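Me: I am new to this structure. Please show me how to read its features, one at a time.

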Amino acid sequence: MFASLLERPLIKADAAAHYSTLLEMFNVELDNAKILYDLQIATKSKDGVPPISKNMPPVAGQLKWALELQERLQIPMKDLQAIDHPVVVSSEAKLIYAKYEEMIRLLKGYREKIYEEWISRVDRDCQFNLEQPLIQRDPQTKYISVNFNKELVAVLREVKYLNFQQQKEIPGSAGGLFSQNETFRKFVDNLDLIVGWYNKIKRTILNVELPLIKDELEEIDVGLQKAETNLFWSNEGVMEYIQEMRNILYDLETRIQKTKLNVENIEQLMQENAELFKADKMSGIWKNYVEYIDDRILDGYFKFIRKSLQFLLSNMSPDVHIAPLFEVHMELYKDDLRYRPSLEVGADQGFLEVVENLMNDIYDTATLIPRLAKGKLSYRTDLEDMGELLEMREEVITIVVNAMKQGEEYEDSFEKYAYLWMDDPHEFMQRFLTFGHALTTEELESHAEEYLPHVAPTLDQFQLQIDTYEKLYEDVSKFENTKVFNGWLQSDCRPFKQALLNIIKRWSLMFKQHLINHVTDSLQDLANFMKEVNAGLSKPVKEGDYDGLVGVMGHLMRVKERQVATDNMFEPLKQTIELLKLYGEEMPEEIHMQLHELPEQWNNTKKLSFQVKQNVAPLQANEVTVIRKKCQQFEIKQHSFREKFREEAPFTFVDPEPYKSLNKQQKMVTAMEKEMEALSKSAGLFEVSVPDYKQLKACHKEVRLLKELWDMTVLVNESINDWKTTKWKEINVEQMDLDCKKFAKDVRALDKEMRPWDAFVGLDNTVKNMITSLRAVSELQNPAIRDRHWKELMQATQ
């Protein structure tokens with residue numbers, strides 16, 4: 001604008017001196033801009049959102065701030081560039097221009113970073129929050145609220161202001177969301193109405209009013225459940241649903257408020273009537289009029305309650321062919337078959353209590369209006385005393401109790417299936433595997449487990465058990481899903497039926513799984529056995545390698561012991577697989593491969609064992625000679641041991657330390673038995689017959705008998721020694737005699753092999769002598785005994 005003026009000589013000469021000042025001022029402006037920028041960055045790092053223009057959203061506000069600061073620098077820079085003077089192209093000017101470019105780059109980078117961060121999360125915010133339900137419910141208060149997320153509101157505000165800034169490349173999700181801004185506004189506005197009406201109803205409804213609208217509220221809760229769970233902001237048909245629920249709640253809220261106004265208006269109407277009649281409220285004439293209106297209200301309540309009770313009676317008639325009035329659920333809960341609510345008379349929160357509460361709620365409507373006639377009790381009190389209503393109420397209770405009895409009888413009809421959920425499947429299977437069949441009730445009650453033989457079940461017995469449960473499953477599947485008692489009380493049997501079917505299926509599966517495991521484990525066990533045996537038999541055995549020879553002979557013995565069972569196992573396993581196939585249980589392909597390959601592998605193992613047995617036959621023959629020689633030497637040793645045992649064991653009654661001697665002999669017998677066991681094991685491996693070693697076995701038996709004999713001897717001696725310390729007057733001869741006779745009986749019950757032993761003879765004589773002595777003591781305790789008799793006794797025993 002002033003460019004032409006600056007070309008005039010006088011003005012140009014005067015302005016030239018100020019160009020440096022302009023550059024310096026611009027430099028200061030750049031420094032101030034950098035300070036503002038650094039402060040903005042620091043604030044953002046510390047608090048998250050730096051200062052922005054009032055009422056602007058965070059992203060658009062930060063972009064606007066950076067753009068304004070950028071424009072604040074660009075305008076003076078543009079003016080400087082328009083000046084034609086050496087100062088503006090000097091080295092100092094170039095440094096300032098570089099600072100400007102750096103500042104512009106920082107501001108552009110700042111704007112790009114802010115925008116990219118927003119873009120990176122906006123798609124996720126839109127997608128996640130649009131897939132949220134329309135309404136959320138507070139689990140504590142049960143109030144509802146609109147679930148339009150703050151993130152969605154923020155996105156809408158950002159897009160609005162970004163459009164004002166003519167921002168390009170707005171993400172499709174955010175743009176699409178903003179295009180529906182008006183739609184979402186309508187959604188939220190209508191939902192706010194729904195939420196407000198619903199919460200107002202929940203807050204203001206009285207306890208006596210709640211039963212009257214309970215069914216409607218439950219239907220509304222069912223309708224709202226859709227908006228709380230699976231109706232999202234992005235779904236189709238949201239507006240239609242909102243309009244439907246808005247109309248329903250508007251209607252209910254309007255009616256409730258009208259009823260509240262009606263109740264409030266009754267007293268106002270009476271006041272208005274008094275004014276219209278110009279009546280004296282204290283006069284008897286006005287009181288009679290109030291009595292008349294009071295009776296009309298009472299009569300209205302009477303008709304309402306009678307009609308309500310008549311409705312119950314009409315719908316509880318067994319002759320009326322209509323849908324059942326009430327429904328209970330039959331279910332299995334913690335191994336107990338029950339109804340919910342319970343049909344047991346007197347049960348807490350049972351069905352009878354539900355019906356009684358329902359009738360109480362009907363009567364509670366009479367508490368909504370205060371009594372007009374002064375000095376009288378509430379309308380409900382008078383209504384409860386009315387005979388006709390009492391009879392109807394008692395008739396309802398009688399009908400309910402009769403239907404409940406039918407329900408309990410129907411429940412009892414399933415008692416025969418109680419074993420399915422009461423018995424322990426694992427204990428049942430254990431008894432089945434032990435005794436070969438399912439024990440009957442009589443066998444269990446008579447403790448037949450103590451004497452029944454242990455027999456493994458056959459495949460036919462497994463099939464019988466599985467068929468039993470499969471037939472039972474089929475029978476239970478035909479149970480009716482519902483049962484109606486007296487034509488009006490319906491039992492939903494599906495929970496119980498499904499639970500029982502699941503239990504039966506588990507019983508059947510238990511037997512199938514056992515067969516599956518049997519096939520799998522048998523084949524795997526054989527495969528592992530052959531792998532181990534083949535590896536052991538493949539090891540070369542050299543002459544003098546005793547451990548190697550013993551190892552090979554052990555494998556040969558295991559093959560021999562298993563041969564008969566393994567030869568006969570494959571066909572039953574095939575039959576088991578075929579049986580499982582009948583019930584839809586297919587074995588894996590690797591099982592079929594094993595069943596096909598293992599018989600041939602088993603034959604190869606038997607051939608290998610036969611070949612190895614021939615190869616080690618010379619070494620075996622040498623070892624057999626050695627073992628037989630050891631057997632002969634042990635035979636001589638055990639005879640010597642027997643003679644020494646007879647000499648040192650406590651067979652005499654006067655042995656001072658019998659238990660010490662017994663312990664010593666027991667240890668020696670145990671050592672000999674271990675030697676004999678090792679010898680027998682070696683002999684078994686090399687198929688050498690071993691003598692019976694009766695002398696050692698006799699020692700083993702006699703050690704046990706001696707222990708039993710000396711235990712008896714110690715018991716008798718300690719009892720007699722205790723009696724000897726008893727004072728004469730305290731001696732109980734009868735009890736001592738009984739104890740001695742019991743000792744004598746126990747001694748006679750000892751093994752007959754003990755009787756020749758001196759220890760036994762001594763014990764027997766001790767008991768017999770004591771019995772004789774007790775007879776003498778009994779005679780001496782006779783009151784007729786005098787001092788002279790004691791003196792004669794002392795002289796005779798000197």
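Me: In which hand does helix 25 pass helix 26?
Reply: This is a predicted model, so keep that in mind throughout. Helix 25 passes helix 26 in a left-handed crossing.

Me: How do I read the angle between helix 25 and helix 26?
Reply: Angles over 145 degrees count as roughly antiparallel. Helix 25 covers residues 694-724, and helix 26 covers residues 733-748. They pack at an angle of about 165 degrees, with their axes 11 Å apart. Helix 25 is therefore roughly antiparallel to helix 26.

Me: Which residues of helix 25 and helix 26 meet?
Reply: From helix 25 come Met712, Leu715, Val716, Ser719 and Trp723. Facing them in helix 26 are Met736, Asp739, Cys740, Phe743, Asp746 and Val747.

Me: At what angle do the axes of helix 11 and helix 14 cross?
Reply: Here the cut-off is the other one: angles under 35 degrees count as roughly parallel. Helix 11 (residues 284-315) and helix 14 (residues 387-412) cross at roughly 20 degrees. Their axes come within 10 Å. So helix 11 and helix 14 are roughly parallel to each other. Helix 11 passes helix 14 in a left-handed crossing.

Me: Which residues of helix 11 meet helix 14?
Reply: Helix 11 brings Phe302, Ile305, Arg306, Leu309, Gln310, Leu312 and Leu313. Among their partners in helix 14 are Leu389, Met392, Val396 and Ile399.

Me: Now the strands. Which way do the residues of strand 6 point?
Reply: In a regular strand, side chains alternate between the two faces of the sheet. Strand 6 spans residues 489-492. Leu489 and Ser491 point one way, and Gln490 and Asp492 point the other way. All four are buried.

Me: Does strand 6 pair with strand 3 in the parallel or antiparallel sense?
Reply: Strand 3, residues 326-332, pairs with strand 6 in the parallel sense. Four bridges join them. Phe326 has Leu489 as its bridge partner in strand 6.

Me: And how many bridges link strand 5 to strand 6?
Reply: Four, in the antiparallel sense. Strand 5 runs over residues 482-485. The partner of Thr482 in strand 6 is Asp492. Strand 5 and strand 6 form a hairpin, with three residues between them. In that turn, Asn486 has a positive phi of about 55 degrees.

Me: Last, the whole chain. How many helices and strands does the protein chain have?
Reply: The chain has 28 helices and six strands. Of its 798 residues, 37% are buried. The chain exposes about 48,500 Å², and carbon and sulfur atoms supply 53% of that.

Technical notes:
Residues are numbered from 1 along each chain as its sequence is written. This is a predicted model: local features need pLDDT of at least 70, side-chain atom pairs count only at pLDDT 80 or more; totals for chains, interfaces and linings use all residues. Side-chain values use heavy atoms; hydrogens and water are left out. Helices (H or I, at least four residues) and strands (E, at least two) are DSSP runs, numbered from the N terminus. Buried means under 20% relative accessible area, exposed over 50%, partly exposed in between (1.4 Å probe, protein chains only). Accessible areas come from the Shrake-Rupley method with a 1.4 Å probe; for residues, only the protein chains shown count as cover. Two strands pair if DSSP finds at least two bridges between them. Axes are lines fitted to C-alpha atoms, for helices over the stretch in contact, and angles run from 0 to 180 degrees between N-to-C directions. Angles under 35 degrees count as roughly parallel, over 145 as roughly antiparallel, 65 to 115 as roughly perpendicular and the rest as oblique. A crossing is left-handed if the near helix is turned anticlockwise from the far one by less than a right angle, and right-handed if clockwise. Contact means heavy atoms within 4.5 Å.
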